[in-house]
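Open the structure in a viewer and keep the selection tool ready. The stops below go from ring pairs to salt bridges and end at a pocket.

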Amino acid sequence: MKQLFILSLFVLGSFVFGQTNSSRDSSSSVPVHQLRIYEIPKENRQVFLNRFRDHALRIMKKYGFNIVSIWESEYEGKTEFVYLLEWKDENTMKMAWQGFMADKEWKDIKAETAKLHGNFVNNIEDRILKLTEFSPEKKLLK
């Protein structure tokens with residue numbers, strides 16, 4: 001009886017919120033990954049890294065960001081800062097980013113550091129990565 005009630009809530013929720021479940025099994029949620037690639041000016045590399053480490057990570061945590069890994073890269077003569085995020089789903093990702101970008105503390109930190117050090121980011125690439133059915137690693141969430 002309890003299972004029937006839960007199933008009914010799920011079906012009703014899907015109908016009300018317009019969610020559809022294409023080819024995926026509704027009992028298993030496949031996470032969405034997000035790849036962020038920042039091209040940063042070489043002269044502000046350390047300041048950018050410090051700001052991300054000391055402020056962005058802490059504030060992102062408030063909004064449920066799950067950073068899988070962070071890298072630095074040199075590509076075509078450009079200094080890059082790259083990180084991979086994992087999200088429960090795309091809606092969770094969108095809501096978290098909205099909260100983070102609207103965060104007063106983060107806005108103040110960005111304004112203050114830009115005033116002191118100038119440009120921090122030349123370009124940002126943002127890619128949503130969806131696992132294929134045959135991906136060897138289905139979940140990174142712990």
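The tour gives a selection at each stop and then says what is there.

The model is predicted, so local features need pLDDT of at least 70 and side-chain atom pairs count only at pLDDT 80 or more, while totals for chains, interfaces and linings use all residues. Residues are numbered from 1 along each chain as its sequence is written, and side-chain values use heavy atoms, with hydrogens and water left out.

**Stop 1: rings**

Select Phe65 and Trp87. Their ring centres lie 4.9 Å apart with the planes at 70°, so the pair is edge-to-face. Rings of Phe, Tyr and Trp (its six-membered ring) pair if their centres lie within 6.5 Å; planes under 30 degrees apart count as stacked, over 60 as edge-to-face and the rest as tilted. Phe65 is in the loop between helix 2 (45-62) and strand 2 (67-75), and Trp87 is in strand 3 (residues 78-87), so the pair ties together parts 22 residues apart in sequence. Helices (H or I, at least four residues) and strands (E, at least two) are DSSP runs, numbered from the N terminus. Both Phe65 and Trp87 are buried (buried means under 20% relative accessible area, exposed over 50%, partly exposed in between; 1.4 Å probe, protein chains only).

Next select Tyr38, Phe48, Phe52, Phe81 and Tyr83, which ring pairs link into a cluster. The whole structure has 13 aromatic pairs.

Then show Arg51 with Phe120. The charged end of Arg51 sits over the Phe120 ring, 4.2 Å from its centre; the criterion is NZ of Lys or CZ of Arg within 6 Å of the ring centre and within 35 degrees of the ring normal.

**Stop 2: salt bridges**

How many salt bridges does a search of the whole structure find? There are 9 salt bridges, each defined as a side-chain nitrogen of Lys or Arg within 4 Å of a carboxyl oxygen of Asp or Glu.

Select Glu105 and Arg58, whose side chains form a salt bridge at 2.9 Å, N to O. Glu105 belongs to helix 4 (residues 104-117) and Arg58 to helix 2, 47 residues apart. Glu105 is partly exposed at 33% relative accessibility, as is Arg58 at 39%.

Move to Asp103 and Lys62, a salt bridge with its closest N and O atoms 3.0 Å apart. Asp103 is in the loop between helix 3 (90-102) and helix 4, Lys62 in helix 2, and 41 residues separate them. Asp103 is buried at 6% relative accessible area, whereas Lys62 is exposed at 53%.

Finish with Glu90 and Lys130, where the closest N and O atoms are 2.9 Å apart. Glu90 lies in helix 3 and Lys130 in strand 4 (residues 123-130), so this pair ties together parts 40 residues apart in sequence. Glu90 is partly exposed at 26%; Lys130 is exposed at 55%.

**Stop 3: the second largest pocket**

Select Tyr38, Arg51, Trp106, Lys110 and Val121. Of the 17 residues that line the second largest pocket, these lie nearest its centre. A pocket here is an open set of points on a 1 Å grid over the protein atoms alone, where a 1.4 Å probe fits, with protein on both sides within 12 Å along at least five of seven lines; lining residues have an atom within 4 Å of a point. The space in this pocket is about 260 Å³, a volume being the space filled by probe spheres set on the points, which are joined across faces, edges and corners.

Colour the lining by element: strand 1 (32-40), helix 2, helix 3 and helix 4 each supply at least two residues. Helix 2 gives the most, with 5 residues. By type, the lining has 14 nonpolar residues, no polar and 3 charged (Ala, Val, Leu, Ile, Met, Phe, Trp, Tyr, Cys and Pro count as nonpolar, Asp, Glu, Lys and Arg as charged, and the others, Gly among them, as polar).
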